[in-house]
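The following paragraphs lead through a structure, beginning with the contact between its chains. The sequence and the model come first.

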Amino acid sequence: MGVNPKEWAKRIIEGDIRAASRLMRDIDDRMPWVSEVLKELYPHTGRAYVIGVTGSPGVGKSTLVDVLIEIFRGKKLEIGVVVIDPTSPFTGGAILGDRIRMQRHSTDSGVFIRSLATRGSMGGLSRSTSDILRVMDAMGKDIILLETVGVGQDEVDVVNIAHTSMIVMIPGLGDDIQAIKAGILEIGDIFVINKCEREGAERMEREIMMMLELGARREDGWTPKIVKTEAIKRKGVKELVEVIEEHRSFQEDPERKKMFLQKALRIELITHLKDQITTRILDAIGHEEGLSRAVDEIISGRIDLYSKSEEILNRLMC
Amino acid sequence: MGQKRKIRILVAKPGLDGHDRGAKIIARGFRDAGFEVIYTGLHQSPEQIVEAAIQEDVDVIGLSSLAGAHNHLFREVLRLLKERSADDIPVFGGGIIPDEDIPKLKEAGILEIFTPGTRVEDVVKWVEENIHPRG
C-alpha cells in the first residue's frame, strides 16, 4: 500500500475507519509493511480494557456480547469487538457469522466490529488477534470485547490477552466430571451460566463453586465469580457488568497491572520472535520450493531431519 | 512476505424478505472455495450492509433479494458506498430479479446479477475471475 506509515497511523488515530479496517486486513494477511505502522501506533495504545468471552459453541457468547455492547454504550463508552470463527482445515475458507447477533450496532459510530477467522491457529484466537486489538486501542476504543471461537477445554490463549476472562456455560452440557478438568475452567475470572432458565442451573452453579473451592488459591488472589444470566431477556446482565467492573478495579491495582503486562508482553514477544525467525528462514531457503527440496533430501535419506534443521539454522546465523 | 490474500466477501440480505436459504447455500459455496465469508443475516438495512463491508474490509459485497425491492435496495447500497468513499468495493446481486431490471441495475453500477438456476460453482468462478483483493 502506497501510504507512508506515519500518515496511515495518523489517520487511524484521527478516526478514519477505513484506514483502520484496512490495516487490520493487512495484519491478518501478514503484509510486510504492517510492522512499520504498528510501531507508529504503539505509543497510542495501552488504554483499552479487553474483556474476553469464551465457551463452547452455542452457549450464547455472541448474544451476550451484543447485550454487553448495549450496556457499555449506555455508559457512553467507545466499543471495539473482535469475533473469531474457525477456518475450515480443508478449504481454508470460513463463514464468519457472529456479526448476525450484533448487527444492530453496526451503524453506531461508537462501535467497531471485526470478524476474524482462526486461519489455522489453535488456541481459540487468530495469530493476528493481539495486533488487531492494538489497532482498536489506538482508535480510542475504551472497551474491547473479544469473543473466541467456540472452544472445548484447552483453548486458553484468551487469558493472556484479556484483562478479564469470562467463561460462558449453559446448564445441561456434560456431566459433573467436566467441571474438574484442567484447562478452560482454570482460566475464568468470571463464570457465566447463561440460559439459566434451563433445568440444572443451580446444580451447575454448585458444581463450579465446589470446583473453585477445591482448587488451589489463585496466584493473583482473585476469587472467581459466578453469574447467572439469560442474555436474550437481559436477565442477570446488570449483575454481570457489576462483576466485570469489580474485576476491573481489582486488575487496575498498579502491582497487578504490572504483573499482567509482564506476562502478556513476554508471551507476545516470544510469539513475535518465533514468527520473525520463521519468516527469515523461509525467505532464506526460498519458501515452498526450498522447503520441498529440504524435505526431499530428508526422504531420500541423504540427511536426517535434525541435521537438516541445524544446517539451515547455521546457514542463517553466519 | 508476499503470500496470496484470501478473498473476503460480505453476503447480505437487504430488506424484508425472510428467506435466506439461497444466501446460505452460496455462502457455503464461497467457504468451500476458500473465501472468508462474512454473513450478516436477514433484514439488513443498506446502512448496516455498508458499515459492515467497511469494518470488515471486504473485497466484494454479494446481495441477495427475493422480495422484489432490489431496484431500490441495491441502488441504495451503491449510493451509501459512494457517500462513505467506499465505492471501490464492488457489488453483485442474486435472487429473483426480472430480466428487464438487470440492465438497469448494471448501469447503476451492480457488477453482475445471478438469477435462479445459476450453479454455485459458476458464481464462485465469476468471483474468482473478477474480484481481486488489493495488492
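In this predicted model, the rule for polar contacts finds 29 residue pairs across the interface of chain A and chain B, with both residues at pLDDT 80 or more. On the side of chain A that touches chain B, four elements of chain A each supply at least two residues: helix H2 (17–28), strand E3 (94–96), strand E4 (111–117) and helix H8 (254–285). H2(A) gives the most to this side, with seven residues. Sorted by class, the side of chain A that touches chain B has 13 nonpolar, eleven polar and twelve charged residues.

Charged groups also meet across the interface. Between chain A and chain B the count is ten salt bridges. One of them joins the side chains of A:Arg18 and B:Asp88, at 2.7 Å from N to O.

The extent of the interface can be given in residues and in area. Chain A brings 36 residues to the contact and chain B brings 34 residues. About 3100 Å² is buried between chain A and chain B, and carbon and sulfur atoms give 48% of that area. Which residues of chain A lose the most area to chain B? They are A:Arg18, A:Arg25 and A:Ile95, which together account for 22% of what the side of chain A buries.

Strands of a sheet pair through backbone hydrogen bonds, either parallel or antiparallel. E3(A) pairs with strand E2 (residues 36–39) of chain B in the parallel sense, over three bridges. Within this pairing, A:Ile95 has B:Val37 as its bridge partner in E2(B), and A:Ala94 has B:Glu36.

The pairing belongs to an open sheet of six strands, whose order is E3(A)-E2(B)-E1(B)-E3(B)-E4(B)-E5(B), with parallel pairing. At the edges of this sheet are E3 of chain A and strand E5 (113–114) of chain B, each of which pairs on one side only.

Chain A is divided into domain 1 (1–44), domain 2 (45–252) and domain 3 (266–317). Taken over C-alpha atoms, the centres of domain 2 of chain A and domain 3 of chain A are separated by 37 Å.

Definitions and conventions:
Residues numbered from 1 in each chain as written. Chains lettered and ligands numbered in written order. Predicted model: local features only at pLDDT ≥ 70, side-chain atom pairs only at ≥ 80, totals over all residues. Heavy atoms only, no water. Domains from an automatic or database assignment. Contact = heavy atoms within 4.5 Å. Buried area = accessible area lost by both parts, 1.4 Å probe. Salt bridge = Lys/Arg side-chain N within 4 Å of Asp/Glu carboxyl O. Polar contact = N/O pair within 3.5 Å; in protein donor to acceptor, adjacent residues only side chain to side chain. Nonpolar A, V, L, I, M, F, W, Y, C, P; charged D, E, K, R; others polar. Pairing = 2+ DSSP bridges.
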